[in-house]
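Open the model in a viewer and keep the selection tool at hand. The stops below say what to select and what is there.

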Amino acid sequence: MIKYLARRCALFALALFVVSVVVFLALRVLPGDLATIMAGLNSPPERVAALRAELGLDRPLAAQYGDWIAGLMRGDFGTTMLTGQPVASVVGARVQITFPLIMLGLLIALALGVPLGCASVMARSARARGLYQAVAIVGGAVPALWAGLVLILLFGRGSGLLPILPASGFPQDGWGDPAQAALALVLPAVTVGVIVGASIMRYTRSALQSVASTGAIEMAMACGMTRRRALTHVGLRLAMPQLVSVVGLTFAEMITGVMVIENLFALPGIGSGLVDDLTHRDLIAVQSELFMLAAFFLVIGLLVDLTHRALDPRLGEDDE
Amino acid sequence: MNRPDRRRVPEAPARIAAEHGPRGRLRRAGVVVASMWAHGAGRFALVTLGLWILVSLVSLFWTPRSLWETNGYAVWAKPSADHWLGTDGVGADVFSWLMAGSRTDLVIVALTVLVALAIGLLLVAAMTSRAAALAHGSVVLIDALISIPTVLIALMLAVPLGASVAVIVLACGFGYGLNLARVARPSAMLAARSMYVESARADGASAMRVFATHIVPNVMPTLVVQCSLSAGTAVLAEAGLTYLGVGVPSGVPSWGHSLSTSVRFINIYPLTVLWPGLLVTVVVVALNLFGDALREAADPLTNPRLRGDDGHRRR
Amino acid sequence: MTTDMSLAAKSKKPGGPRKAAPWIGVVLVVAVLIAVVFGVRAAASRGGGAVDGGAADSVTIGLKLAPTNLDIRNTAGSSLDQILIGNVYEGLVARDSDNKVVPALAKSWDVSDDGLKYTFHLRDGVTFSNGDALTAEDVVWSLDELVSKQYHDADSLKNLETIGASGDDTVVLTLSKPYSQLLWALTGRAGLVFDKDAKYVAKTQAVGSGPYLVKEFKPNTMITLEANPKYWGAQPKTPTVVVRYYADDNAAVNALKSGEVQVLAPIGAQLAEPFRKDTAKYVVETGEGTDKYVLGMNNAAGHPTADKKVRQAIRYAIDHDQLIAARGGVDKALGGPIPSLDPGYEDLTKLYPHDAEKAQALLKEAGYTKEHPLRLTLTYANTYGSEIGDQLRSQLKEVGIDLKVNVVEFSTWLQDVYTDKDYDLSLVDHNESHDFTQWSNPDYYYGYDNKDVQRLTDEGLHATDDATRDAKLAQAARIVSEDAAADWLLNYRITTAMDKGVTGFPLNMNQTYLPLWNVAYTPAK
């Protein structure tokens with residue numbers, strides 16, 4: 001296991017390096033630069049050139065990359081070119097919105113998805129099975145954008161039929177007033193939770209079914225368990241590796257899913273911030289943010305993988 | 001789901017698919033479709049997807065109104081005999097745009113799934129390869145790349161390509177391909193370590209052959225469900241990316257286009273946003289059901305009619 | 001983890017038929033959500049306004065385009081002018097709601113008869129928000145820096161020769177040639193006065209002499225302005241102004257409806273409709289602006305649009321009234337490059353009335369037929385929405401022009417169209433005031449090179465009296481329009497929706513200049 005861990009960590013470092021190079025180069029290929037944007041429409045070319053020099057955009061690529069990496073090594077993610085704030089603090093402010101949003105959404109999703117997924121396998125009558133299936137499938141088929149809009153039309157403060165929840169941005173003092181801040185996240189989190197919950201439900205169901213098809217459930221029942229107990233006790237346990245994978249992946253996917261939701265609910269989170277920075281060609285900000293995201297998800301991937309191994313002894317066999 | 005035959009020890013997949021040749025394959029396909037049709041969900045999926053294809057074809061030749069018939073004095077009109085679902089923000093016919101949008105979405109879904117499947121299978125092959133460097137390298141590659149959100153890939157692709165169908169297809173195909181590989185990894189790994197593979201290798205079967213006969217059949221059920229989910233997700237992604245301005249270009253009809261042009265006016269004209277949203281939901285439901293139904297119908301373990309050769313008809 | 005817990009919870013209980021079990025999680029979530037929502041709502045139901053029906057000490061304003069930093073000397077974008085000029089920073093002179101020059105830091109000024117010498121008399125006792133006195137030295141330093149470092153808009157001060165002070169309260173500018181737009185240019189960024197001795201991070205902080213100071217700034221999200229206790233004039237009517245930026249129109253509308261903001265500017269004319277009807281609670285007003293939606297045509301040789309007949313055909317083909325109607329009917333038709341608030345304005349809408357037949361005839365003369373139709377690409381930034389492109393495509397199709405619409409990111413537009421001039425048609429909202437000179441610059445992305453226009457513009461800019469200036473510019477503008485150098489789709493007018501209790505909110509040009517000192521808000525009882 002230790003040998004595996006060491007190998008995995010070495011590969012992790014390599015992957016980080018590759019990500020840094022790819023991200024850096026990909027961004028340098030983009031047409032348009034910050035200097036042109038900062039200079040605006042009626043500025044003479046000399047002004048653009050002066051801004052480019054001031055921002056360091058005219059330096060050789062290798063030097064720009066070297067500076068950035070040297071900074072990363074020191075734990076310095078750089079200063080955004082546009083806003084002049086340290087990237088770390090910009091991201092920190094955004095994480096305070098996105099992370100709670102994702103966690104809340106994921107909690108809602110798990111709390112909805114896993115029990116419903118189990119229930120849909122356990123259900124005996126065809127009608128109940130059909131109903132569960134309908135819930136899972138329709139829930140996963142609604143466009144996030146549209147689900148958010150419908151929720152706003154139903155409950156959004158302002159235009160909703162039952163206007164009980166805010167739907168337009170984060171409180172100005174952030175988490176200074178935790179109640180208001182939490183409230184602002186409820187509608188977007190429910191939007192995310194319902195949609196992701198449906199997919200968790202599907203995965204739970206299909207994982208349980210594939211476990212059931214191995215005969216393990218029958219074996220447990222033969223040992224005297226009821227079907228329900230066999231499914232929740234043995235089945236879920238065996239389906240665990242697959243579920244952990246899915247939850248990890250879902251977490252990664254939610255950054256994506258949340259981007260549209262953040263836009264819709266005017267929440268200044270990671271996703272919408274990244275789109276902003278990319279639109280403005282604030283390269284230092286974008287590359288550091290991408291790098292942080294990639295590093296974060298590499299860690300998640302690593303954890304998912306290790307958990308997976310811990311939960312499924314069959315996979316560990318080759319590590320002599 | 002818990003039919004008695006579940007208890008039978010499963011046979012090696014290779015033996016069940018014993019019928020070779022085009023005729024056998026055709027017969028199998030017929031049985032699969034018939035089995036799907038036998039269930040309500042499968043029937044719904046088949047009918048919806050059939051209608052989708054039909055409407056896409058018809059829209060190539062005919063729509064109730066021309067797409068480019070705009071009228072600035074009659075924007076956001078309510079449904080009427082002239083405009084069955086009303087008009088949009090430039091006075092064009094919503095129904096015609098939705099009809100024409102179905103062909104764009106159809107093309108996007110087909111291409112995305114193909115790209116995803118190709119990437120997914122390639123990665124599964126790499127992961128189960130006996131070359132340790134390749135196997136581990138591909139695992140790390142997947143872990144590294146899967147962390148980059150589809151939307152972000154799309155945003156970056158959109159810079160050189162502009163808003164285009166290719167952005168959706170490439171970004172989604174890439175992302176879903178990684179996803180396919182990642183989700184199929186456990187079963188692929190188990191299959192790669194199974195006795196079948198070991199004995200096949202002992203028999204001197206080529207890596208290609210081992211992959212095709214032992215690993216692919218084992219990951220296929222997972223991949224089919226994933227592909228149908230991916231197809232559905234592609235429709236949803238089209239809507240999302242088009243809303244963010246990097247998807248289907250302006251002027252090309254698509255459901256995402258219809259959805260995002262009406263989104264801004266949801267406060268005043270909620271009805272207009274209803275249609276594309278409903279349409280997308282129904283089609284994605286059908287795609288998801290299709291995957292489930294196909295898996296049930298095409299898997300000899302769950303579909304007794306595919307095991308017709310052993311003479312038992314259950315149920 | 002959650003799965004583990006639910007698993008553990010389940011395994012403790014003896015097996016048996018418990019039909020409700022799977023629902024527990026669902027019910028729990030719903031119950032917790034409801035509890036949280038109502039609990040928090042109860043806890044948080046504090047009043048947002050003031051008591052006793054008096055004016056509130058804080059007002060929240062919703063705007064659309066957000067500044068990314070506060071560095072007004074370096075960063076372009078009208079959102080900075082909008083929030084900082086007249087509120088945080090002040091210039092020697094300012095503009096009123098009709099775009100005319102009025103005194104600001106200079107209480108008066110004299111211009112020599114030859115138009116070459118401007119003498120500004122500064123107010124007494126003006127200090128910056130950090131307590132430093134504002135003197136002629138700061139003014140001279142600010143202008144010197146502007147010119148030597150070529151800060152944004154430095155090129156708007158043409159013909160400037162010397163910048164000098166005489167004593168603490170007089171500033172003298174001399175020009176090499178008369179420049180009729182100097183005073184107006186000084187109302188913008190070029191004339192802003194900064195503290196020579198202040199040290200601050202320009203991207204996130206601001207030290208000015210205006211009625212407000214920046215208390216907090218969150219890029220792309222919000223700015224909190226607080227009354228500057230050291231302000232030389234009367235204190236602003238509302239001590240705290242919070243500005244929130246909503247990129248999404250729905251969020252903005254909801255914010256106004258739910259009372260999170262008291263003013264929303266701009267709001268789409270159609271989106272404003274429900275507020276317009278609700279006269280008991282809201283007021284909706286439309287102000288004039290200098291925004292020109294310019295359908296740029298590439299006049300440079302080698303492009304189909306280099307042919308005047310083609311450009312004329314396009315102008316005849318466009319039905320401006322219909323474009324305006326589809327947007328809610330508040331914008332104005334604009335037949336030429338100068339809007340009504342700028343010098344040299346003349347109604348040129350009659351030059352190219354909508355006439356599809358004339359357009360077709362012109363295309364035929366230019367050599368395009370049904371078999372060989374004219375194919376053009378329109379490139380514009382995605383900030384303007386797809387509707388306008390769809391409409392143009394449909395209108396040009398009627399006269400036989402095959403228009404491909406390419407909606408891109410703004411930075412791509414800047415690169416491809418503005419910098420590389422690689423385009424046929426382009427659409428952009430030129431919102432700047434007094435920007436007619438772009439038509440006398442053959443290197444600008446229009447590629448429009450007309451010696452008469454250049455001469456007339458020059459004469460207008462060097463005029464020593466306003467009447468001559470206006471006449472020359474009007475003459476030049478007419479030529480540009482007759483040449484069909486571009487098409488001017490519309491003059492965007494700003495719609496502002498606000499709570500009935502809000503007074504003093506500027507309506508004209510409020511997207512480029514938004515003095516807030518006079519805004520007051522009296523919440524309804």
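The tour goes chain by chain and stops at contacts along the way. Keep in mind throughout that this is a predicted model.

**Stop 1: chain A**

The C-alpha atoms of chain A fill a box of roughly 80 × 60 × 35 Å along the principal axes. Of its 320 residues, 52% count as buried. Take the contacts in chain A between residues at least 6 apart in sequence: 66% of them join residues at least 24 apart.

**Stop 2: the two domains of chain A**

Colour residues 2-74 of chain A as domain 1 and residues 92-309 as domain 2. The centres of these two domains, taken over C-alpha atoms, are separated by 32 Å. Where they meet, 15 residues of domain 1 of chain A are in contact with 12 residues of domain 2 of chain A. On the domain 1 side, the elements giving two or more residues are α1 (2-29) and α2 (34-39) of chain A. α1(A) gives the most to that side, with nine residues. By class, the domain 1 side divides into 11 nonpolar, two polar and two charged residues.

**Stop 3: where chain A touches chain B**

Now show chain B as well. Here 44 residues of chain A are in contact with 45 residues of chain B. On the chain A side, select the helices that give two or more residues; among them are α1, α6 (126-141), α8 (178-212) and α12 (283-311) of chain A. Which helix gives the largest share of the side of chain A that touches chain B? That is α10(A), with nine residues. The chain A side has 31 nonpolar, 11 polar and two charged residues.

**Stop 4: chain B and its annotated spans**

Select residues 44-62, 106-127, 139-159, 165-184 and 268-290 of chain B, which an unreviewed UniProt entry annotates as "transmembrane region". Look at two of these spans in turn. Residues 44-62 of chain B are 95% helix and 0% strand, and the end C-alpha atoms of this span lie 25 Å apart. Residues 268-290 of chain B are 91% helix and 0% strand, with end C-alpha atoms 36 Å apart.

**Stop 5: the nonpolar core**

Show side chains for L145(A), V124(B), A154(B) and I168(B). These are the residues with the most contacts inside the largest nonpolar core, which has 340 residues. Centre the view on A154(B). Leaving aside its neighbours within four places in sequence, A154(B) is in contact with V167(B), I168(B), A171(B), L241(B) and V246(B).

**Stop 6: chain C as a whole**

Hide the other chains and select chain C. Its secondary structure comes to 14 helices and 18 strands. The C-alpha trace of chain C spans about 95 × 75 × 45 Å along its principal axes. Chain C has 525 residues, of which 52% count as buried. Among its contacts between residues at least 6 apart in sequence, 72% join residues at least 24 apart.

**Stop 7: a sheet in chain C**

Find the open sheet of 10 strands in chain C, with mixed pairing. Its strand order is β8-β9-β10-β1-β11-β16-β12-β15-β13-β14. At the edges are β8 (212-218) and β14 (401-408) of chain C, each pairing on one side only. Next, zoom in on strand β9 (residues 222-227) of chain C, which runs antiparallel to β10(C) and is joined to it by five bridges. One residue pair to pick out is L225(C) with its bridge partner V241(C) in β10(C).

**Stop 8: the domains of chain C**

Colour chain C by domain: domain 1 (89-191), domain 2 (212-288 + 496-521) and domain 3 (292-491). The C-alpha centres of domain 1 and domain 2 of chain C lie 29 Å apart. Between them, 10 residues of domain 1 are in contact with eight residues of domain 2. The domain 1 side has one nonpolar, six polar and three charged residues.

**Stop 9: where chain C touches chain A**

Bring chain A back. This contact takes 60 residues from chain C and 65 residues from chain A. On the chain C side, the elements giving two or more residues include α1 (2-12), α2 (21-43) and β10 (240-245) of chain C. α2(C) gives the most to this side, with 12 residues. The chain C side has 25 nonpolar, 24 polar and 11 charged residues.

Notes: Residues are numbered from 1 along each chain as its sequence is written. Chains are lettered from A and ligands numbered from 1 in the order in which they are written. This is a predicted model: local features need pLDDT of at least 70, side-chain atom pairs count only at pLDDT 80 or more; totals for chains, interfaces and linings use all residues. UniProt positions are given in the numbering used here, feature names are shortened, and annotations may be inferred rather than shown by experiment. Helices (H or I, at least four residues) and strands (E, at least two) are DSSP runs, numbered from the N terminus. Two residues are in contact if their C-beta atoms, placed from the backbone, lie within 7 Å. Ala, Val, Leu, Ile, Met, Phe, Trp, Tyr, Cys and Pro count as nonpolar, Asp, Glu, Lys and Arg as charged, and the others, Gly among them, as polar. Domain bounds come from an automatic or database domain assignment. A residue is buried if 20 or more other C-beta atoms lie within 10 Å of its own, exposed if 12 or fewer, and partly exposed in between; C-beta atoms are placed from the backbone. A nonpolar core is a set of buried Ala, Val, Leu, Ile, Met, Phe, Trp, Tyr and Cys residues joined through C-beta atoms within 7 Å. Two strands pair if DSSP finds at least two bridges between them.
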